[in-house]
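Here is a short briefing on one structure. Please read it alongside the sequence and the coordinates.

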Amino acid sequence: PPLEVKKIIGQVQAIDRMIDEDVPCEDILSQINAAKSALHGCGKVVLEGHIKHCVRDGIEQVMDGIDKL
């Protein structure tokens, strides 16, 4: 995700410049959609990591607790 986040930051900075430079709305909207797509992809990676680590670890702790009963 760090590289993806840097890409998103660059895209948002480009959107800011485009607005300042009065770039046509269609071009700005296209860049906004690209940034949204990249952000969505980054979110999927974070969620996948959360499920693989945090949720799994929580389930394992609960199961360990049950086994000790």
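Glutamine 11 is buried, at a relative accessible area of 10%; buried means under 20%, exposed over 50% and partly exposed in between, with a 1.4 Å probe and protein chains only. This is a predicted model: local features need pLDDT of at least 70, side-chain atom pairs count only at pLDDT 80 or more, and totals for chains, interfaces and linings use all residues. Residues are numbered from 1 along each chain as its sequence is written, and side-chain values use heavy atoms, with hydrogens and water left out.

**Glutamine 11**
- Glutamine 11 sits in helix α1; helices are DSSP runs of H or I with at least four residues, numbered from the N terminus.
- Neighbours within four places in sequence aside, glutamine 11 is in contact with Gln31, Ala34, Ala35 and Ala38. Contact means heavy atoms within 4.5 Å.

**Packing of α1 and α2**
- Helix α1 covers residues 2-20 and helix α2 residues 25-67. They pack at an angle of about 160°, with axes 9 Å apart.
- The axes are lines fitted to C-alpha atoms over the stretch in contact, and angles run from 0 to 180 degrees between N-to-C directions.
- α1 and α2 are therefore roughly antiparallel to each other, a label for angles over 145 degrees.
- α1 passes α2 in a left-handed crossing: the near helix is turned anticlockwise from the far one by less than a right angle.
- On α1, the contact includes Val5, Ile8, Gln11 and Ile15. On α2, Gln31, Ala35, Leu39 and Cys42 are among the residues that take part.
- By class, this contact has 14 nonpolar, three polar and two charged residues. Ala, Val, Leu, Ile, Met, Phe, Trp, Tyr, Cys and Pro count as nonpolar, Asp, Glu, Lys and Arg as charged, and the others, Gly among them, as polar.

**Loop and glycine**
- Aspartate 22 lies in the loop between α1 and α2. Its phi is positive, about 55°, although it is not a glycine.
- Aspartate 22 counts as exposed, at 67% relative accessibility.
- Glycine 49 is in helix α2 and is partly exposed at 25%.
- Glycine 49 and proline 2 are 47 residues apart in sequence, and 14 Å apart from C-alpha to C-alpha.

**Cysteines**
- A search of the whole structure finds zero disulfides, that is, pairs of cysteine sulfur atoms within 2.5 Å.
- Cysteine 54 is in no disulfide, and the nearest cysteine sulfur, that of cysteine 42, is 15 Å away.
- Cysteine 54 is partly exposed at 47%, whereas cysteine 25 is exposed at 55%.

Note on methods:
Helix = DSSP H or I, 4+ residues; strand = E, 2+ residues; numbered from the N terminus. Parallel < 35°, antiparallel > 145°, perpendicular 65-115°, else oblique.
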